[in-house]
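These are my notebook entries on one structure, set down in the order in which I looked things up.

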Protein chains: 2
Amino acid sequence: MSGTTQDDYTDRYSRRVRGMTTSEIRALFSVASRPEVVSLAGGSPYIAALPLDAVGEMLGRLASDHGATSLQYGIGQGTVELRERICEVMSLSGIEGASPDDVVVTVGGQQALDLIARVFLDPGDVVLAEGPTYVGALGVFQAAQAQVRHVAMDAEGLIPAALSQALADCGGRAKFLYTIPTYQNPAGVTLSEARREEVLDICSRHGLLVVEDDPYGMLSFEGDAPRPLRARRREGVFYLSTFSKTFAPGLRVGWVLAPHAVREKLVMASEASILCPSAFAQGAVTQYLSTMPWREQIKVYREVYRERRDALLSALDDLMPGGTTWTNPAGGLFVWATLPEGLDSKAMMPRAIAARVAYVPGTGFYADGTGTTNMRLNFSFSAPDRLREGVRRLAGVMEQELAMRAVFGAVAEPRRRRGSAAADAPGPDLA
Amino acid sequence: MSGTTQDDYTDRYSRRVRGMTTSEIRALFSVASRPEVVSLAGGSPYIAALPLDAVGEMLGRLASDHGATSLQYGIGQGTVELRERICEVMSLSGIEGASPDDVVVTVGGQQALDLIARVFLDPGDVVLAEGPTYVGALGVFQAAQAQVRHVAMDAEGLIPAALSQALADCGGRAKFLYTIPTYQNPAGVTLSEARREEVLDICSRHGLLVVEDDPYGMLSFEGDAPRPLRARRREGVFYLSTFSKTFAPGLRVGWVLAPHAVREKLVMASEASILCPSAFAQGAVTQYLSTMPWREQIKVYREVYRERRDALLSALDDLMPGGTTWTNPAGGLFVWATLPEGLDSKAMMPRAIAARVAYVPGTGFYADGTGTTNMRLNFSFSAPDRLREGVRRLAGVMEQELAMRAVFGAVAEPRRRRGSAAADAPGPDLA
């Protein structure tokens with residue numbers, strides 16, 4: 001290379017990725033996928049519950065009988081057939097009268113979020129989001145060089161007064177509120193009926209856009225979920241969802257329902273990013289929704305996950321050291337635990353992995369380094385007895401930490417993390 | 001919305017999308033997909049040449065026998081199995097010894113390009129690219145708020161002296177050279193052997209990164225293509241390709257082979273954008289490469305496309321008005337035509353559509369409004385007799401335009417376009 005430093009790319013990176021690094025924590029997760037480790041860390045649905053033979057037959061026909069279109073390029077917005085089915089799915093959640101023309105099909109819910117960030121966020125813009133929030137959203141906002149300001153939650157979800165305060169603090173500069181109102185990831189809490197109206201009113205009053213992420217709304221364990229925000233208000237609300245939890249994440253099909261004026265920008269942003277979503281994956285979901293008993297399948301998922309949630313909660317009840325608290329999710333995939341004072345979930349990770357149990361440290365779900373005393377526990381992927389065994393191992397590690405602390409006194413206050421929050425979270429595959 | 005203008009999003013958009021609009025030209029393309037229109041506009045491969053029954057059987061088994069992984073989340077970088085196969089594919093093109101660890105699987109070649117833009121481009125950065133160049137690359141660079149400076153080509157591809165001049169003109173500020181050296185889209189020309197070395201030398205001397213896009217290299221009609229730039233130099237060269245032209249675009253599987261130091265940034269950028277590529281699509285390509293006669297299939301594509309290129313070229317020879325010129329591609333999908341003086345390919349589009357023939361006006365392939373006298377003609381999708389009929393219709397429209405011009409004199413000089421170049425190009429589906 002004639003003496004240049006072309007093998008060193010450091011000075012060439014864009015500003016948006018300069019701060020991106022993977023942490024030592026992330027390296028630990030690669031160990032967590034070993035079979036001897038009970039992983040409470042991932043967010044994978046329990047795909048084995050699908051009728052795989054029937055799905056295989058359906059996908060085979062999609063290629064053999066319709067390959068000339070299903071294996072070809074498609075349009076950037078996604079097929080009209082799938083967008084029509086998506087409107088039907090949304091109507092089951094209470095979103096009535098959505099037009100297929102306002103739906104953009106995406107590569108999972110992640111790309112929906114990324115498109116919204118591309119269309120609305122400039123460097124330095126402020127985004128409001130629950131604290132804690134989805135780690136993938138933090139990755140998107142970081143890549144957009146936006147600032148995330150967290151809004152506190154309690155057992156009823158986002159606290160309206162905290163939202164008003166956050167808005168006041170940033171002087172109206174916030175671009176949007178990113179929220180997962182139902183069975184929140186990672187907190188496992190749900191925004192109550194009354195608060196849904198209150199949050200929408202605050203946002204309307206301040207002209208604040210709402211980005212509602214709803215991947216889990218259909219995975220309710222106790223009656224139906226409260227209606228989405230988008231079912232209550234149409235203007236100013238973007239609704240995102242995915243088939244990753246109701247069908248299969250391996251196809252990567254999600255969508256955004258956008259106010260009409262914005263839809264064209266989203267499509268152009270998507271074409272610049274991926275040209276078009278997979279025609280085959282879209283055909284697969286369309287066929288699945290048209291020809292297979294998908295609502296029954298969701299009931300199967302609900303029952304499997306309810307049983308697992310119960311197993312996890314009762315194991316926590318039985319085994320966790322005093323001073324530990326956790327949320328009680330009415331749906332979804334996750335429980336959020338708060339450790340007894342003095343424990344640091346990130347510092348404890350290597351010892352947990354050594355004890356053959358994995359979780360995601362709470363710091364991964366905050367942009368500001370908080371969350372050191374929290375962890376996210378997944379219950380969708382592992383069988384009830386595995387969940388209990390995982391909690392047993394985790395409790396053992398925590399007891400040891402507490403004993404150490406009792407002997408040696410308080411350890412140094414954990415330093416605030418640097419670099420990206422996403423660095424403390426596992427890759428998408430970890431289950 | 002309590003009197004706010006929340007239904008008007010104009011003031012809220014990010015700077016990167018404010019200039020993005022679709023043009024009236026783009027609306028015309030929606031008509032072009034009607035069966036009575038001969039479309040020379042798209043870039044679709046001829047999927048009907050695939051053994052669809054066998055592909056269907058393979059995909060069916062992928063879900064029924066391996067669904068627990070193929071329908072699940074995967075890792076952001078892509079499966080190691082596919083990355084190994086990709087290294088084998090690249091070795092057939094002359095890229096020896098690439099490590100699967102340095103390959104990142106992407107959602108088609110488009111996402112590969114987008115990831116590179118995300119990792120390297122800040123607003124205002126300069127990118128060098130052939131003029132004309134791939135319309136999807138212009139969309140990526142526009143979204144990254146980069147400036148594109150075009151480098152002229154001739155029948156032997158990129159002109160080295162023009163590259164040196166462009167580098168001098170921008171005072172070394174260029175971030176990289178984006179190039180499609182082989183069977184270029186849209187120009188249909190190929191960088192000669194001698195110039196490959198020369199271009200690499202210039203880039204090395206100036207410490208300029210090279211982004212080599214090679215979707216068409218295997219679609220040669222006359223002997224093998226020259227070895228890729230990446231086969232000649234390892235450091236400072238990013239190599240992008242896709243299975244869209246050698247297998248099927250509907251699966252959206254591409255890749256980038258990156259210098260090792262950069263690979264981690266690309267993976268993180270991809271996770272922020274799409275979380276992970278489709279496990280099912282990756283499994284499909286892996287199975288296709290492992291169990292099916294894919295090299296024989298490429299020979300089939302080559303033969304079909306060679307016959308169609310010959311049909312297009314001989315129709316152009318026989319039917320085009322004097323003063324029209326065009327390139328003579330030795331592979332790939334496209335011919336680039338230059339109209340007789342005074343004709344404007346964009347202004348002519350509505351009349352061409354009325355005459356039931358479509359093409360892409362040359363302006364879509366430039367960032368700076370040039371290309372008004374050019375058009376891109378695709379020969380991969382339509383049968384030889386359709387191609388000839390399309391050229392007949394096109395020639396008729398051009399003759400009429402020339403006659404009008406002879407009667408009424410020169411029309412006003414076409415104005416330089418505003419807004420995005422991509423606005424003058426069709427969506428990805430148009431064939």
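**Entry 1: helix H6 of chain A.** I looked up the residue that follows H6(A) and found Gln145(A), whose phi is positive, near 55 degrees. As the model is a predicted one, I take this angle as a computed value. I then asked how many residues of H6(A) are buried. The helix is mostly covered, with nine of its nine residues buried. The buried set comprises Val135(A), Gly136(A), Ala137(A), Leu138(A), Gly139(A), Val140(A), Phe141(A), Gln142(A) and Ala143(A). I also noted H6 (135–143) among the elements that give two or more residues to the side of chain A that touches chain B.

**Entry 2: the contact between the chains.** I looked up the extent of the contact and found 83 residues of chain A in contact with 83 residues of chain B. Besides H6, the elements of chain A that give two or more residues to this side are H1 (15–18), H3 (52–70), H5 (108–120), H8 (193–205), H10 (260–274) and H11 (279–291). Which helix gives the most? I found that H3(A) does, with 13 residues. By class, I recorded 39 nonpolar, 26 polar and 18 charged residues on the side of chain A that touches chain B.

**Entry 3: the relation of the copies.**

Entry 4: I traced an open sheet in chain A with the order E2-E9-E8-E7-E6-E3-E4-E5 and mixed pairing. Strands E2 (103–106) and E5 (157–158) of chain A stand at the edges with a single partner strand each, so one side of each has no neighbour in the sheet. I then looked up the helices that pack on this sheet. Helix H4 (residues 80–92) of chain A touches E2 and E9 of chain A, and its direction makes about 105 degrees with that of E2(A). H5(A) lies across E2, E6 (174–179), E7 (209–213), E8 and E9 of chain A, and runs at about 40 degrees to E9(A).

**Entry 5: strand E9 and its partners.** I looked up the pairing of E9(A) on each side. Four bridges join E2(A) to E9(A), and the two run antiparallel. Strand E8 (residues 237–242) of chain A is likewise joined to E9 (residues 254–257) of chain A by four bridges, also antiparallel. Which residue of E9(A) is the bridge partner of Thr106(A)? I found Gly254(A), and Thr242(A) stands opposite Gly254(A) as well. Both faces of E9(A) are covered: Gly254(A) and Val256(A) are buried on one side, Trp255(A) and Leu257(A) on the other.

**Entry 6: the nonpolar core.** I looked up the largest nonpolar core, which has 273 residues, and found that Val256(A) and Val256(B) have the most contacts inside it. Leaving aside neighbours within four places in sequence, the contacts of Val256(A) include Val104(A), Ala112(A), Leu115(A), Ile116(A), Phe238(A), Leu240(A) and Leu266(A).

**Entry 7: Val210 of chain A.** I located Val210(A) in strand E7 of chain A. Why does Val210(A) count as buried? It has 24 C-beta neighbours inside 10 Å, and the cut-off is 20 or more. Beyond four places in sequence, Val210(A) is in contact with residues including Phe176(A), Leu177(A), Cys203(A), Leu229(A) and Phe238(A). Its C-alpha lies 9.5 Å from that of Leu128(A), 82 residues apart along the chain.

**Entry 8: the sheet of four strands.** I traced a further open sheet in chain A, with the order E10-E11-E14-E13 and antiparallel pairing. Strands E10 (325–326) and E13 (360–361) of chain A are at its edges, each with a single partner strand, so one side of each is left without a neighbour in the sheet. Two bridges join E10(A) to E11 (residues 334–338) of chain A, and the bridge partner of Trp326(A) in E11(A) is Ala337(A).

Key: Residues are numbered from 1 along each chain as its sequence is written. Chains are lettered from A and ligands numbered from 1 in the order in which they are written. This is a predicted model: local features need pLDDT of at least 70, side-chain atom pairs count only at pLDDT 80 or more; totals for chains, interfaces and linings use all residues. A nonpolar core is a set of buried Ala, Val, Leu, Ile, Met, Phe, Trp, Tyr and Cys residues joined through C-beta atoms within 7 Å. A residue is buried if 20 or more other C-beta atoms lie within 10 Å of its own, exposed if 12 or fewer, and partly exposed in between; C-beta atoms are placed from the backbone. Two residues are in contact if their C-beta atoms, placed from the backbone, lie within 7 Å. Ala, Val, Leu, Ile, Met, Phe, Trp, Tyr, Cys and Pro count as nonpolar, Asp, Glu, Lys and Arg as charged, and the others, Gly among them, as polar. Two strands pair if DSSP finds at least two bridges between them. Axes are lines fitted to C-alpha atoms, for helices over the stretch in contact, and angles run from 0 to 180 degrees between N-to-C directions.
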